[in-house]
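User: Can we go through this structure together? I'd like to start with the terms.

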Amino acid sequence: MSDLTLGNVRKSFGNIEIIKGVDLEVKSGEFVVFVGPSGCGKSTLLRMIAGLEDITSGTLKIGDTVVNDVDPSRRGIAMVFQSYALYPHMTVRENMGFALRFAGMPKADVARQVGEAARILGLEPLLDRKPKQLSGGQRQRVAIGRAIVRHPKVFLFDEPLSNLDAELRVHMRIEIARLHKKLATTIIYVTHDQVEAMTLADKIVVLRGGAVEQVGAPLDLYDDPANLFVAGFIGSPKMNFFKAVLARAGDGGWAASLPDFGNATIPLALADGSAKEGATVVVGIRPEHFEASGSAALELTIDLLEQLGGETFIFARHGAGDLVTIQTSNGRGLKSGEPITARFDPVRALVFAESGQRMR
């Protein structure tokens with residue numbers, strides 16, 4: 001295993017810059033997830049690490065070696081794609097050992113390494129089947145096994161669960177997390193699904209428009225987003241955002257007046273020295289942070305309820321304003337059309353400047 005370092009890495013196609021100066025350090029043994037909306041550059045960045053795309057400028061190091069111009073086969077990297085890319089005429093055993101046989105490894109060593117990977121992935125009963133005889137999850141495990149047998153320095157996963165149904169995706173997330181713990185190897189994983197990112201990663205890299213918005217542990221990004229984009233992207237259901245105007249509170253602190261809620265005023269836990277009275281800001285509160293004991297309150301009318309048994313999602317609004325999402329474990333007895341007071345602790349509210357940057 002080796003550290004992987006990107007230094008001001010850029011990628012351009014003609015005059016169009018796709019990757020805009022990415023700096024990143026991946027420690028040996030880390031599980032790092034690239035996440036972001038479609039078109040943000042996460043798969044392009046992964047392909048640059050793999051050597052499948054040229055680097056326009058900047059440096060890519062694996063360990064102490066700059067590998068910008070090193071052939072993909074010599075980088076010590078194995079990649080698992082969104083499509084399983086299995087040879088249909090070969091058995092599971094033959095698919096997993098193909099790269100090793102092609103490299104001239106002795107048959108006994110190939111058999112040993114394939115057997116070891118099959119044991120890790122629970123594929124031993126399936127070794128003599130062909131891909132058409134396997135489920136989607138089994139095929140993806142074979143693709144992962146084909147990567148494992150090579151004992152790479154770094155595993156690269158490019159949206160490997162996108163072709164699976166919802167239940168199987170959950171199962172395979174668990175399998176991949178277990179695999180990482182068992183192998184203790186470096187993994188870089190690309191997904192557009194922030195739930196996958198939150199549940200798998202040691203470290204998340206949030207990308208937008210080819211640039212890194214924030215890097216950190218999943219709960220760090222959830223609790224302390226650097227800007228409006230990260231706050232809205234990380235967390236499910238999505239954070240509620242309210243347009244607001246800053247005002248001085250009676251105790252000398254700050255409050256926010258909410259024009260879309262009848263100019264309701266809520267206190268803020270804000271110490272930012274750049275805050276100015278009358279400034280337009282955005283206040284964010286997560287659906288799960290509404291609670292009956294909160295001192296800040298919004299008067300709403302229930303528009304729609306989603307009863308999931310253990311929890312309820314309330315979609316409510318003030319007048320004709322935007323929907324507010326409230327998550328509660330005490331939603332029985334509520335009805336559409338009823339008024340509701342949505343309370344929250346002001347400490348939970350996040351404040352963002354007009355630029356989108358977080359105010360603290």
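Analyst: Buried means under 20% relative accessible area, exposed means over 50%, and partly exposed is in between (1.4 Å probe, protein chains only). This is a predicted model: local features need pLDDT of at least 70, side-chain atom pairs count only at pLDDT 80 or more, and totals for chains, interfaces and linings use all residues. Residues are numbered from 1 along each chain as its sequence is written, and side-chain values use heavy atoms, with hydrogens and water left out.

User: Got it. How many salt bridges are there?

Analyst: The count comes to 13 salt bridges. A salt bridge here is a side-chain nitrogen of Lys or Arg within 4 Å of a carboxyl oxygen of Asp or Glu.

User: Which residue forms a salt bridge with E213?

Analyst: That is R208. The closest N and O atoms of the pair are 3.3 Å apart.

User: How accessible are R208 and E213?

Analyst: R208 is partly exposed, because its relative accessible area is 41%. E213 also counts as partly exposed, at 22%.

User: What about R317: which residue does it pair with?

Analyst: R317 forms a salt bridge with D303, with the closest N and O atoms 3.8 Å apart. This pair links distant parts of the chain, 14 residues apart. R317 sits in strand β16 (residues 312-317) and D303 in strand β15 (residues 296-307). Helices (H or I, at least four residues) and strands (E, at least two) are DSSP runs, numbered from the N terminus.

User: And how accessible are R317 and D303?

Analyst: R317 is partly exposed at 25% relative accessibility. D303 is partly exposed too, with 39%.

User: New topic. How many residues of helix α1 are buried?

Analyst: In α1 (residues 42-50), 7 of its 9 residues are buried, so the helix is mostly covered. The buried ones are K42, T44, L45, L46, M48, I49 and A50. Just after α1, G51 takes a positive phi of about 90°.

User: Which residues of α2 are buried?

Analyst: In α2 (residues 92-102), they are V92, N95, M96, G97 and L100. An α-helix has 3.6 residues a turn, so residues three or four places apart point the same way.

User: What do the buried residues of α2 pack against?

Analyst: They pack against α3 (107-121) and α4 (136-148). Contact means heavy atoms within 4.5 Å. Just after α2, G104 takes a positive phi of about 85°.

User: Which residues have the most contacts inside the largest nonpolar core?

Analyst: M96, I144, Y189 and V206, in a core of 46 residues. The largest share of this core, 6 residues, comes from α3. A nonpolar core is a set of buried Ala, Val, Leu, Ile, Met, Phe, Trp, Tyr and Cys residues joined through side-chain atoms within 4.5 Å. A second, separate core has 30 residues, including F242, A256, A296 and L305.

User: What does V206 touch?

Analyst: Not counting residues up to four places away in sequence, V206 touches V35, A211, V212, E213, Q214, L221, F229, V230 and I234.

User: Where does S257 lie?

Analyst: S257 lies in strand β12 (residues 254-258). S257 is buried, because its relative accessible area is 17%. Leaving aside neighbours within four places in sequence, S257 is in contact with K243, A244, V245, N263, A264 and T265.

User: Last one. Which elements give two or more residues to the lining of the largest pocket?

Analyst: Those are β6 (77-80), α2 and α4. The lining has 25 residues, and I77, A78, M79, A99 and R150 lie nearest the pocket's centre. On a 1 Å grid over the protein atoms alone, a pocket is an open set of points where a 1.4 Å probe fits, with protein on both sides within 12 Å along at least five of seven lines; lining residues have an atom within 4 Å of a point.
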